[in-house]
Amino acid sequence: MSGFVFSQKPVTIESGDGVTLTADDGTEYLDVGASYACTPAGHCHPDVVGAIREQASELLYVQGSYPVETRSTLRAQLAALAPGEIENVWLCNSGTEANEAALKFARSATDGTKIVAARGAFHGRTAGALSATWKPKYKAPYEPLLEDHVEFVPYGDEAALEAAVDDETAAVILEPIQGEGGVNPAPAGYLRAAREVTSETGSALIFDEIQTGLGRTGSFWACENDALVDAPVVPDVLTTAKGLASGLPLGATLCADWIAEGAASHGSTFSGNPLVAAAATATLDVIVDEDLAANAAAVGETLVDELETADLPIDGVRAAGLMVGLEVGRGANRVLRDLALEHEILALPAGRTVVRLLPPLTIDESHAHAVVDALEGTLEDPAES
């Protein structure tokens, strides 16, 4: 079944430590994909491993209606780290579930039925989140979904966004930087325009920060990143997942009071699982205490500078912090293969034309140099790229 769901890579991973993954044959790989940004603190950070072990010896699971200290601590932690005055936290199991909840909460808290999403967006694979996802290949096998209630607009086009949002709109859902869509940062002013038009119509503004959050772009949340906004833009709902528990299954939907107060009944059996919550609290502590957002900004700047000055046959670099996309042409998968097999570096695609770098936020400048050196070797023949 795994081969049906996931395309199998020709490398079997046995262990991980920091920025390194080790295969069963002993080969060590520099991981600059972090399994789609799921290990911001690096693989098997000792604080995270210790928290999991301690929690596992005390309580693995109890349903969400019973207060549990670990779960309560995580909710308080996320509320304290949330942008603006967002203080309500619903915990779930994945990014798509977090987005599904966000869309449901927005629909029940407003009188609207329409969802406005962006072309190129990726918000997940459940029916609601998939309906707000742009790429047809993800949706076609499962249609009809809920597209009658979703209007797609060009990403970054303020006028198109403003024209689409009306009194029937329950929510606008946007990634501050599109990840799966090719690492496309929001143009200057775009997130601010989204905030203004949704405030005018009483619609909810949802920021999907599942890939951009937790320090990845150089600030804790991308909606606070001064490279994207002139001042923090606070949404009504913010979703996060992926690296939240260092790769253990956890997502969260963070909501403003008016959304939380208007949301109808919702639930999830494993919401706030104590074991996963312990991993998340430790992960967040590491990100904050080690100031990994600052490291992402500094090393990301070094990496981008070197990529832009190297003699690489690429069509451009798009980046914020340690979320980096290289436009390499239609040969992205070949580049990824060669990076892995010839240079022991694991990266990611973003479609057929973009190589995506989402390394652990703990990488240093020596790792950035290694990536650029490997790309110089891999991309030396433009005719093959």
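Is Arg352 buried or exposed in this predicted model?

**View 1. A patch of positive charge on the surface includes Arg352.** Arg352 counts as exposed because its relative accessibility is 57%, and the cut-off for exposed is over 50%. Arg352 sits in the loop that links strand S16 (348–349) to strand S17 (354–357). Arg125, Lys137 and Arg330 gather with Arg352 in this positive patch.

**View 2. A patch of negative charge lies on the surface.** Its members are Asp47, Asp285, Asp289 and Glu290. Of these residues, Asp285 is placed in helix H11. Asp285 has a relative accessibility of 36%, so Asp285 counts as partly exposed.

**View 3. Leu60, Tyr61 and Phe270 make up a nonpolar surface patch.** Together the three side chains' residues have about 300 Å² of accessible area. Phe270 belongs to the loop between helix H10 (257–262) and helix H11 (274–289). With a relative accessible area of 45%, Phe270 is partly exposed. A residue in between the limits for buried, under 20%, and exposed, over 50%, is called partly exposed.

**View 4. The side chains of His123 and Asp208 are joined by a polar contact.** The contact spans 2.8 Å. His123 is located in the loop between strand S5 (114–118) and helix H6 (127–131). The relative accessible area of His123 is 2%, so His123 is buried; the cut-off for buried is under 20%.

Terms used: Residues are numbered from 1 along each chain as its sequence is written. This is a predicted model: local features need pLDDT of at least 70, side-chain atom pairs count only at pLDDT 80 or more; totals for chains, interfaces and linings use all residues. Side-chain values use heavy atoms; hydrogens and water are left out. Patches are made of residues with over 30% relative accessible area and no salt bridge: like charges are joined within 9 Å, nonpolar side chains (Val, Leu, Ile, Met, Phe, Trp, Tyr) within 5 Å. Accessible areas come from the Shrake-Rupley method with a 1.4 Å probe; for residues, only the protein chains shown count as cover. A salt bridge is a side-chain nitrogen of Lys or Arg within 4 Å of a carboxyl oxygen of Asp or Glu. Lys and Arg count as positive and Asp and Glu as negative; His and the chain ends are not counted. The place of a charge is taken as NZ of Lys, CZ of Arg, CG of Asp or CD of Glu. Helices (H or I, at least four residues) and strands (E, at least two) are DSSP runs, numbered from the N terminus. Buried means under 20% relative accessible area, exposed over 50%, partly exposed in between (1.4 Å probe, protein chains only). A polar contact is a pair of N or O atoms within 3.5 Å; within protein, one must be able to donate a hydrogen and the other to accept it, and residues adjacent in sequence count only if both atoms are side-chain atoms.
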